[in-house]
Amino acid sequence: MAKHHVSATLNGNDVEFLCETQQTLLEVLRDELHHTGTKEGCGTGDCGACSVTLDGRLVCSCLVLGVEARGKSIQTIEGMAEGTSLHPLQRKFLEHAALQCGVCTPGILIAARSLLERNPDPSEEEVRFWLAGNLCRCTGYNKIIEAVLDAAREMRGG
Amino acid sequence: MDTKVIKPEAEGRGDRTLKIVGTSPVRPDGVPKVTGLARYGADYALPGMLWGAILRSPHAHARIRSIDSSKASALPGVKAVITSADFPEQKYEFVGPERVAINFWHMTRNVMAREKVLYEGHALAAVAATSKIIAEAALRLIEVDYEVLPHVIDVDEAMQPGAPLLFEDMITRGIDPPPNEASNIAKRIEFSIGDLDAGFAAADEIVEMNFKTAPVHQGYIEPHACLARFDNKGQGEIWAASQGHFVVRAFTARLLDMNIGDVLVHPAEIGGGFGGKTVIYVEPLAAALSRKSGHPVKIMMSREDVFKATGPTSGASMTVRIGVKRDGKLVAADGVFKFQAGAFPGSPVMNATMCGFAPYNIPNVRSVGYDVVCNRPKSAAYRAPGSPISAYAVESVMDAVAAKIGMDPLQFRLVNACRTGTPTVWGPKHAHDGCAETLKALLAHPAYAAPLGRNQGRGVASGFWFNNGGESSATVHVNEDGTVVVATGSMDIGGSRASMAIMAAETLGIEYEDVRAIVADTASIGYTHVTGGSRVTYATGIAVVEACRKVITELCARAAMIWSVEKDQVSWEDGSARRAGAGKHEPLSLKAIAAKRALTGGPIGAEASVNAGGAAPGFASELCDVEVDTETGSVKILRFVVAQDVGRAIHRSYVEGQMEGGAVQGIGWALNEAYVYDDAGHLLNAGFLDYRIPVASDLPMIETVLVEVPNPNHPFGAKGAGEVNIVPVMAAVANAINNAIGRRMTELPMSPPKVLAAIHTAPGK
Amino acid sequence: MGGAPVRVVLISSHSGHYTGGVKEFEIEARTLLDVIRVLDRRYPGLGEHLEEETSVAIDGEIHEVAYFHPVHPGSEIYFIPKIEGG
């Protein structure tokens, strides 16, 4: 069977790719577009390591088919920094030692950015519930929560 | 969050000169990890690369009558199919020199089943094809004729006479004379000191309880993955995420009958391991497929594969009896610890028998362990392997004993806490303090005196872990501009590049930012053992400091040449060479000497390789407050405090992170995590939805107290900090639940149905 | 060599196979290599077993078995099973 031809934007750039019907967006990003910053932790939408946004909506890219991205805007971790300037969340994650192994970090950063776009002043509890779909096995979450709250504070200009 | 640092008054090592040790600079490998550019095991690709896929057993126990892969081989796009026939047979023997005795006869069978499949998910064939989709399709074309056999999952059932045998001729080791009959008991271990019967006879009170724990998975977020490129000249390369690329090299070479030097392993970034990536699964399969096909081959496990086919830690069945005098002095302790090894021998039961009673001074102790095979995936190391399991039993009984004699549970532990000179059950005396200091830290913590509400309870527990030393290598090279590269053979699993850079900068007297720390591949640095056993900051740290000291000696020699003085006239201080007693010479900085390296003899660098002994053990004491929902049985963690002796924190934030992460893994072990099997031996919850590890909304901020009793055997006093934090957790949670509802929870996990059932039964003793 | 001998104890259960069950020894030695050589001369094969399959505690400090470790008069040396790390 012929592959599907899909056009979309990836981190603001036009992209085109060919994919099989059953290929997930995660597989397309990693295997076809060579954007390996988005990670596979489970393939079943339970761990959040593959979090990206699709037209601004936070999704697990392992639960989206590649063809579903047609005409849509995909944002991944590779597009989070502006040139060499890190996003405040990225900077705060480093300052707070909010990553140990770092494999959950891209997904958590994307999810956290999505939270702060909706709620620039979240409480600790709101951060904990928003990130409840992003598993981290290393940190116990303390420093992740602290980094998100600190980044929010900075982004609000406080 | 709330972090305290406690330094005992009688500190042996002054830290007045330390400038960088104990701070929390940003890790050298940080930016690629927040921008998605860091490359983990699954992130490598090569031109012409094939995708590997693995056929796994649908049965818990079956004899393999035949495997017919002809249809799979014929599928267009399939380039190679392998089975156990592609791996040489290994001799049946337990061998060193790794710390754990390894039996390659077992290892090759775990990687690829031979005569039998021994658990659901056991690999028995693998395919390499031009796409994932073709590889998966080829697996469905492989025809396997199984003779399904009876299976056994539970450890107590596996020990019964007449239980289905995984190995029909396995005779228990460690029993003299050896038993006549084969069984599933691979090994019996016993340690004892004193006179157990006399000890219990002298006791005023005795408490005995039975416990069961569930096997739990390390739960690293990155599934096992690797890329292999092997050629028909017998050489190859592997890119893999592991806790030790030298071990990947040694094991893979052995299973493929290659020379170690013909295999080059590149350290990919590792997405968590916690012990589970100290062994190999996919690497020899990718290598064999690559050798057979002539193409690079990549294999990624699915999460389901990870649950069904990689090591959890053991589940256990345990009995612990403790005798005490009315004044609180322990007089006798007896423990029997039966551990599921999974499908092949090698549970961490020995550690369990050694660690369980180690925090305490008990004159009469017996500790017995059984290593038992059953039809589950082979267990693998998990954070202080074995110790948290026996600690759950011992520390629960300790709590019950304290209650029985009416003593405060922390004071009771403090009265009996081990110190330098206290005998251990395995023979030698303790050589380090630390236990009492963690207990005192917890006693002084405001959390211990905070009021509790209705259905709330508080529990405490302590734990011991050996911490490891061993073989490590490091190189230190001075660059042309005076910056420094530190390379080690230790995989960086949680920020160790930062600690290595800190120790190098501190030793050399230069800025942290001027040191770049990397992990070198197996061809570029000397043998280094796994990142595990809390050994890296200790052993690899010693290698880094030794290499820096050699570099300092060389820098002083170069300065002596520049000044035309004898070498012994030059000393190193604050990052510069200084001439003794002479004011007329300005100090020569490292940068200044680096600029004259060619004039004085060429590049400046050194390597140091060590076999570091004297890694002091770690102790932790922990406090947990819970609230029990008496309608649902659900337990909420309200507060959790970890007081751990870390010797000296090198990178403070990453030490806190270890303590926070270890506590949360223990909370998952205590409350949620378990493998659920059906009657046919199929794992029913092989995914993160149903095998539920803690999520952010389950937890409060974990509070940490860094107790620093320096280890005189390390240049900066460091002790391993990664593991002991998980040891007391399950007991602390169980004791807190008991405090809240008056019921001893003797089976893990303490999930809502079990807690609810306990609430509805009459209170025990 | 002079001075008090060192006290050597074998804890690993397999060690007893080489010594007919004897577990404690007093040996004149300056290094761990001396200890292993003396024991291996007395019980052929024991040396390799100790080198490959045990760790050692010298006055309580646990090390991998390595020849260079110094021992002192009155030292307590326990050959213990290798510790399995995580």
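Predicted model: local features only at pLDDT ≥ 70, side-chain atom pairs only at ≥ 80, totals over all residues.

Reader: Okay, new topic: the chains. Which chains share the most contacts?
Author: Chains A and B do, out of the 2 pairs of chains in contact. Their contact takes 46 residues from chain B and 45 residues from chain A. On the chain B side, helix 18 gives the most, with 8 residues. Helix 1 (30–35) and helix 18 (652–671) of chain B are the elements that give two or more residues there.

Reader: What kinds of residues are on that chain B side?
Author: The side of chain B that touches chain A divides into 23 nonpolar, 16 polar and 7 charged residues.

Reader: And how many residues does chain B use with chain C?
Author: That contact takes 33 residues from chain B and 23 residues from chain C. By class, the chain B side has 14 nonpolar, 14 polar and 5 charged residues.

Reader: What about A and C, how far apart are their closest C-alpha atoms?
Author: They lie 15 Å apart, and no contact joins chain A and chain C.

Reader: Let's zoom in on chain A. How many helices and strands does it have?
Author: Chain A has 5 helices and 5 strands. From the N terminus on, the order is β-β-α-β-β-β-α-α-α-α.

Reader: How does its radius of gyration fit with a compact globule?
Author: It agrees: for 158 residues, a compact globule would have a radius of gyration near 15 Å, and chain A has 16 Å. The C-alpha atoms of chain A fill a box of roughly 55 × 30 × 25 Å along the principal axes. Buried residues make up 59% of the 158 residues in this chain.

Reader: Is helix 2 of chain A largely enclosed or exposed?
Author: Helix 2 (residues 88–95) of chain A is largely enclosed by the rest of the structure, because 6 of its 8 residues are buried. Those are Leu89(A), Gln90(A), Arg91(A), Lys92(A), Phe93(A) and Leu94(A).

Reader: What do those buried residues pack against?
Author: Within chain A, they pack against helix 3 (105–118) and helix 5 (142–155), and they also pack against helix 1 of chain B. Just after helix 2 of chain A comes Ala97(A), which takes a positive phi of about 55 degrees.

Reader: Nice. Now the core: which residues have the most contacts inside the largest nonpolar one?
Author: Those are Leu285(B), Val486(B), Ala504(B), Val733(B) and Ile737(B), in a core of 332 residues. Helix 15 (residues 536–563) of chain B gives the most to this core, with 14 residues.

Reader: Pick Val733(B). What is it in contact with?
Author: Leaving aside neighbours within four places in sequence, Val733(B) is in contact with Gly459(B), Cys624(B), Val626(B), Ile667(B), Ala670(B), Leu671(B) and Met750(B).

Reader: I clicked on Arg744(B) too. Why does Arg744(B) count as buried?
Author: Arg744(B) counts as buried because it has 20 C-beta neighbours inside 10 Å, and 20 or more is the cut-off. Arg744(B) lies in the loop between helix 19 (729–741) and helix 20 (752–759) of chain B. Arg744(B) and Asp399(B) are 345 residues apart in sequence, while their C-alpha atoms are 9.9 Å apart in space.

Reader: Last one! How do strand 3 and strand 4 of chain C pair?
Author: Strand 3 (residues 54–58) and strand 4 (residues 61–64) of chain C pair in the antiparallel sense over 4 bridges. Ser55(C) stands opposite Glu64(C) in strand 4. The two strands form a hairpin with 2 residues between them, and Asp59(C) in the turn has a positive phi of about 50 degrees.

Note on methods
Residues numbered from 1 in each chain as written. Chains lettered and ligands numbered in written order. Core = buried A, V, L, I, M, F, W, Y, C linked by C-beta atoms within 7 Å. Buried ≥ 20, exposed ≤ 12 C-beta atoms within 10 Å, placed from the backbone. Contact = placed C-beta atoms within 7 Å. Nonpolar A, V, L, I, M, F, W, Y, C, P; charged D, E, K, R; others polar. Rg over C-alpha atoms; globule rule 2.2 N^0.38 Å. Pairing = 2+ DSSP bridges.
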